[in-house]
Amino acid sequence: MLRPYSPRLLLLLPTVTYRTVAFVEAARRLGVDVTVASERPSTFERANPTGLVTLDFADPAHAAAQARAFAYAHPLHGIVAVDDDTSVVAAAIAQELGLRGNSVAAVAAARDKHQQRQLLAAAGVAVPRFELRTIAADPERLAHGAYYPCVLKPLRLSASRGVVRANDPPGFVAAFRRIQAILEQPELAECGEWARHVLVEEFVPGREVAVEGLVTRGSLQVLALFDKPDPLDGPFFEETIYVTPSRLARTAQQEIAACAQAAVRALGLREGPIHAEVRHNDRGAWLIELAARPIGGRCSGALRFESGETGNGRRDTSLEELIIRHALGMELPTLEREHQASGVMMIPVPGAGVLREVRGVDAAQAVPLVEEVVITMHHGQMLVPWPEGSRYPGFIFARGETSEAVEAALRAAHARLEFLTEPAD
Amino acid sequence: MSAEVRITAEPIDNGRCKFLVSEPVHAGGVRRFASPDEAQGSPLAQAIFAIPGADVSEVIVSGNLVTVVKRSPAPWPAVGKAVGQAIRAALAAGQPAVASKPAAAGSATADDALYERVADLFDSQVNPMVARHGGRVELIDVQDAVVMVRMAGGCQGCGMADVTLRQGIEAMLQQHVPEVKGIVDITDHTAGSNPYFAAAKK
């Protein structure tokens with residue numbers, strides 16, 4: 001009997017991502033065939049040459065050529081990337097194979113904070129004043145010409161790693177040297193020209209929100225607007241709580257959505273998920289960063305969409321299912337987020353050290369409205385605080401009738417957790 | 001039994017969730033229950049099948065892990081709390097939460113035959129492959145043509161464990177033992193102390 005037609009998705013999964021289960025299981029639920037591409041070979045690649053392939057994620061053009069060779073034998077119908085680096089690879093492959101996606105130029109511009117700033121500023125999108133500096137420069141000299149308060153950041157690191165606020169020249173010098181030390185670490189120093197620069201930009205006061213969206217033919221559909229109720233005023237910018245729906249006034253939300261749409265247009269993004277950080281103050285909405293990828297880590301678990309009408313009745317749809325459907329050109333259900341308020345806490349790093357034990361998970365889980373407490377770090381692993389670190393020890397999820405109740409539940413659950421660490425050797 | 005039984009829920013998707021319990025729930029290997037009838041004599045499985053509105057279709061108990069599969073769209077937070085209560089009540093009752101596996105008969109005989117073939121595949125092909133990454137996959141049981149595995153070594157807690165399971169092991173089973181209807185990973189991936197690829201980003 002002939003097997004029913006099933007489209008094949010190329011899923012770009014770096015070996016160190018948290019996103020594997022969410023995307024692989026979403027593809028299974030949708031009944032699409034999947035080829036998982038990673039930067040390192042799976043031991044099963046020979047046994048399952050249709051389902052597994054190794055691509056050179058460090059060289060998008062090479063990866064595109066490899067994907068073309070693969071697609072001769074195994075036709076591909078869509079491609080999904082899960083993070084910043086693979087989004088550039090996905091764009092190169094989409095261009096090469098004529099799949100739905102963005103141009104390499106657009107995604108590369110989104111990937112680089114300086115290029116992004118330049119394009120947004122040129123298009124009239126509100127962004128902080130910025131200057132590009134080389135890490136070989138003398139910070140004492142640079143400090144005298146800077147405006148304060150300002151924020152110093154590497155051009156490509158994710159999760160606010162290496163992002164530091166400075167309020168005066170001594171603070172600037174200290175921040176600069178700290179970032180210098182991060183970028184001089186061997187695994188980053190060899191990453192290319194971007195790792196030899198620092199972006200210095202004006203600090204924008206105001207409430208920060210995260211915009212999760214899906215772009216179709218250049219038009220942005222906002223899927224969720226997350227409040228970040230903990231002030232992100234520095235000196236470091238480790239994220240904690242995301243709660244949706246936003247409690248900002250409707251006009252402020254409209255300004256934020258318009259700002260994100262303007263940024264999408266300015267960067268030339270045409271298709272796929274975006275995740276943007278936007279600040280809002282009495283002067284309006286300011287685009288802080290926009291990435292051509294979905295929300296990171298486990299945070300997508302905070303999003304569910306009331307859209308799945310199946311043979312077995314109504315069911316929720318995950319963000320990953322929406323992204324896969326979009327990539328394959330499958331019919332998209334309505335993109336309405338569930339009725340309930342929802343939130344996630346990226347559990348703050350309690351301090352530097354080797355993780356030995358986490359206590360109170362059961363108590364945290366028992367807090368009303370809390371759905372899940374996930375400890376993602378393994379015992380024996382190093383906890384590294386920001387700005388050098390970029391990895392949270394875990395995540396807490398909650399749902400409830402109001403954003404206020406969800407936020408309170410997340411804080412109550414977090415208060416019950418106790419991390420036992422010991423100093424590193 | 002200690003005073004506090006800690007249970008951590010680990011949803012795989014909206015239909016399937018693993019519950020890691022701080023104490024052993026069933027020490028006699030793996031038990032899989034595919035219907036309330038099969039759960040007769042096993043108080044924990046009976047209680048889970050009886051959770052109102054959950055429409056539970058499958059319960060798998062092994063050591064400290066209870067895996068629950070449901071058909072209802074009810075979110076895991078609501079169902080999970082009822083599962084937690086059922087586990088605590090079963091452990092507090094002072095009698096086995098799950099009955100021992102009955103003697104082989106009918107489908108169990110077919111499962112035994114499948115077990116042999118799957119075990120052979122694991123020995124000859126699957127484990128030599130995962131061993132290259134310091135991993136190991138243990139065949140725990142075959143029940144009603146569903147294969148239950150536990151991942152260890154470099155596979156336990158590995159960021160790519162689900163790829164290994166779905167694109168590797170499941171694909172090989174489909175090719176070599178097509179009678180297998182499914183595969184269930186009963187690994188506690190949060191306990192992995194030496195994963196080959198620990199997830200490293202936020």
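This is a predicted model: local features need pLDDT of at least 70, side-chain atom pairs count only at pLDDT 80 or more; totals for chains, interfaces and linings use all residues.
Residues are numbered from 1 along each chain as its sequence is written, while chains are lettered from A and ligands numbered from 1 in the order in which they are written.

Chain A is divided into domain 1 (8-109), domain 2 (129-202), domain 3 (207-328) and domain 4 (341-422), with bounds that come from an automatic or database domain assignment. Between domain 1 and domain 3 of chain A, the C-alpha centres are 23 Å apart. Contact (C-beta atoms, placed from the backbone, within 7 Å) links 26 residues of domain 1 of chain A to 21 residues of domain 3 of chain A. On the domain 1 side, at least two residues each are supplied by α1, β4 (78-81), α3 (84-97) and α4 (104-111) of chain A; helices (H or I, at least four residues) and strands (E, at least two) are DSSP runs numbered from the N terminus. The largest share of this side, six residues, belongs to α1(A). The side comprises 16 nonpolar, six polar and four charged residues, where Ala, Val, Leu, Ile, Met, Phe, Trp, Tyr, Cys and Pro count as nonpolar, Asp, Glu, Lys and Arg as charged, and the others, Gly among them, as polar.

The contact between the chains involves 44 residues from chain A and 38 residues from chain B. Two or more residues of the chain A side come from each of α1 (20-30), β2 (33-38), β15 (313-318), α11 (361-365) and β18 (370-375) of chain A. With five residues, α1(A) gives the most to this side, which divides into 14 nonpolar, 19 polar and eleven charged residues.

The buried residues are V104(A), A106(A), V107(A), A109(A), A110(A) and R111(A). Their cover includes α2 (60-73), α3, α5, α9 and β13 (284-291) of chain A. In the loop between α3 and α4 of chain A lies G101(A), which counts as buried because it has 27 C-beta neighbours inside 10 Å. Beyond its neighbours within four places in sequence, G101(A) contacts I79(A), A90(A), A91(A), A94(A), E271(A) and G272(A).

Helices α5 (residues 113-122) and α9 (residues 250-267) of chain A have axes that come within 9 Å and cross at roughly 105°. The axes are lines fitted to C-alpha atoms, for helices over the stretch in contact, and angles run from 0 to 180 degrees between N-to-C directions. The two helices, α5(A) and α9(A), are therefore roughly perpendicular (65 to 115 degrees; under 35 is roughly parallel, over 145 roughly antiparallel and the rest oblique). Q116(A), L119(A) and L120(A) of α5(A) meet A263(A), A266(A) and L267(A) of α9(A). This contact has five nonpolar, one polar and no charged residues.

Strand β17 (residues 353-359) of chain A is joined to β21(A) by five bridges, and R359(A) has E418(A) in β21(A) as its bridge partner.

Conventions. Two residues are in contact if their C-beta atoms, placed from the backbone, lie within 7 Å. Two strands pair if DSSP finds at least two bridges between them. A residue is buried if 20 or more other C-beta atoms lie within 10 Å of its own, exposed if 12 or fewer, and partly exposed in between; C-beta atoms are placed from the backbone.
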